[in-house]
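Please examine the sequence and the model together before reading on. The paragraphs below then lead from one part of the chain to the next.

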Amino acid sequence: VLSELDAANGAHYRRNGDQVTAALQSLELEIHQLLAPVRPLPYLVLHDAYQYFEARFGTNVQGAIAIAPDRKPGARRISAIRRRLAQAQDGGRIRCLFGEAGFPAKLLETLTAGLDVRTAGLDAIGFAIAPGPDAYGQILRQLAGGIENCLSYSIGP
């Protein structure tokens with residue numbers, strides 16, 4: 001569309017578009033390779049903010065703790081999640097629970113107390129990433145790295 005609106009710079013727009021497309025394809029391959037060893041390992045997230053990422057990269061999310069990001073889970077929901085995490089221990093399922101900014105760390109501690117479930121934070125917004133042309137890729141790499149790091153401890157003999 002830009003090439004049509006500004007024909008004099010059309011080649012520049014197409015070249016930039018081709019570069020962005022190539023970079024995104026490379027990033028996608030990089031993330032697929034990083035997550036390959038942990039892809040089948042189940043985990044839980046605090047709320048369903050990552051569904052597009054999970055679908056694209058085929059990760060094994062088993063659900064969300066909070067029904068909505070603005071609704072903290074109540075006592076009944078916390079109790080149900082703890083039961084689910086405890087029952088999953090026998091089969092080695094749900095080895096990681098991901099929290100995020102805006103939710104108290106105490107909630108993760110309550111959910112996992114006495115259980116063999118790791119916790120880690122995810123940052124889909126990119127709070128620690130400087131704005132700029134590389135920010136999107138950095139956010140995706142950070143998400144993938146966080147998932148891989150938390151789940152990878154359970155791989156091995």
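Helix H6 has 18 residues, which at 1.5 Å a residue should span 26 Å; the C-alpha atoms at its ends lie 25 Å apart, so the length agrees with expectation. This comparison, like everything that follows, concerns a predicted model. Buried positions in H6 are Ala 135, Gly 137, Ile 139, Leu 140, Leu 143, Ala 144, Gly 146, Ile 147, Cys 150 and Leu 151. An α-helix has 3.6 residues a turn, so residues three or four places apart point the same way. The cover over the buried residues of H6 includes helices H2 and H3 together with strands S1, S3 and S4.

Helix H2, one of the elements covering H6, runs through residues 10-35. Its 26 residues reach 37 Å from the first C-alpha to the last, close to the 38 Å expected at 1.5 Å a residue. Gly 10, Leu 27, Ile 31 and Leu 35 are buried in this helix. Among the elements that cover them are H1, helix H3 (51-57) and helix H6 (135-152).

Where do these elements come together in a nonpolar core? In soluble globular proteins, nonpolar side chains tend to be buried together. Here the largest nonpolar core comprises 23 residues, and those with the most contacts inside it are Ile 31, Leu 35, Phe 53, Phe 98 and Ile 147. Two or more residues come from each of H2, strand S1 (42-45), H3, strand S3 (96-100) and H6. H6 gives the most to this core, namely 8 residues.

Apart from neighbours within four places in sequence, Leu 35 is in contact with Phe 53, Phe 57, Thr 59, Ala 144, Ile 147 and Glu 148. One of these partners, Thr 59, is found in the loop between H3 and strand S2 (60-64). With a relative accessible area of 12%, Thr 59 falls under the 20% limit and is therefore buried. With the same exclusion of sequence neighbours within four places, Thr 59 is in contact with Leu 35, Arg 39, Tyr 43 and Glu 54.

Another loop, the one between S1 and H3, holds Tyr 50. Is Tyr 50 buried or exposed? Its relative accessibility is 5%, so Tyr 50 counts as buried. Residues up to four places away in sequence not being counted, Tyr 50 touches Val 45, Glu 100, Leu 122, Asp 123, Ala 124 and Leu 143. Of these, Leu 143 is one of the buried residues of H6.

Side chains of opposite charge can pair when their charged atoms come close. How many salt bridges does a search of the whole structure find? The search finds 3. In one of them, Glu 28 pairs with Arg 56, and the closest N and O atoms are 3.5 Å apart. This pair links distant parts of the chain, since Glu 28 is in helix H2 and Arg 56 in helix H3, 28 residues apart. Glu 28 counts as partly exposed, at 24% relative accessibility, whereas Arg 56, at 53%, counts as exposed.

Glu 30 forms a salt bridge with Arg 141, with 2.8 Å between the closest N and O atoms. Here too distant parts of the chain are linked: Glu 30 lies in helix H2 and Arg 141 in helix H6, 111 residues apart. Glu 30 is partly exposed, with a relative accessible area of 34%, and Arg 141 also counts as partly exposed, at 39% relative accessibility.

Asp 116 and Arg 95 form a salt bridge whose closest N and O atoms are 2.7 Å apart. Asp 116 lies in the loop between helix H5 (105-112) and strand S4 (118-122), and Arg 95 in the loop between helix H4 (75-88) and S3, so the pair ties together parts that are 21 residues apart in sequence. Asp 116 counts as partly exposed at 40% relative accessibility, whereas Arg 95 is buried, with a relative accessible area of 14%.

At the surface, Val 1, Leu 2 and Leu 5 form a nonpolar patch with about 370 Å² of accessible area together. Leu 2 belongs to helix H1 (residues 2-5), one of the elements that cover the buried residues of H2.

Note on methods
Residues numbered from 1 in each chain as written. Predicted model: local features only at pLDDT ≥ 70, side-chain atom pairs only at ≥ 80, totals over all residues. Heavy atoms only, no water. Patch = residues over 30% accessible without salt bridge, like charges linked within 9 Å, V, L, I, M, F, W, Y side chains within 5 Å. Areas by Shrake-Rupley, 256 points an atom, 1.4 Å probe, with all protein chains shown as cover. Salt bridge = Lys/Arg side-chain N within 4 Å of Asp/Glu carboxyl O. Helix = DSSP H or I, 4+ residues; strand = E, 2+ residues; numbered from the N terminus. Expected span 1.5 Å × (residues − 1). Buried < 20%, exposed > 50% of the residue type's maximum accessible area, 1.4 Å probe, protein only. Contact = heavy atoms within 4.5 Å. Core = buried A, V, L, I, M, F, W, Y, C linked by side-chain atoms within 4.5 Å.
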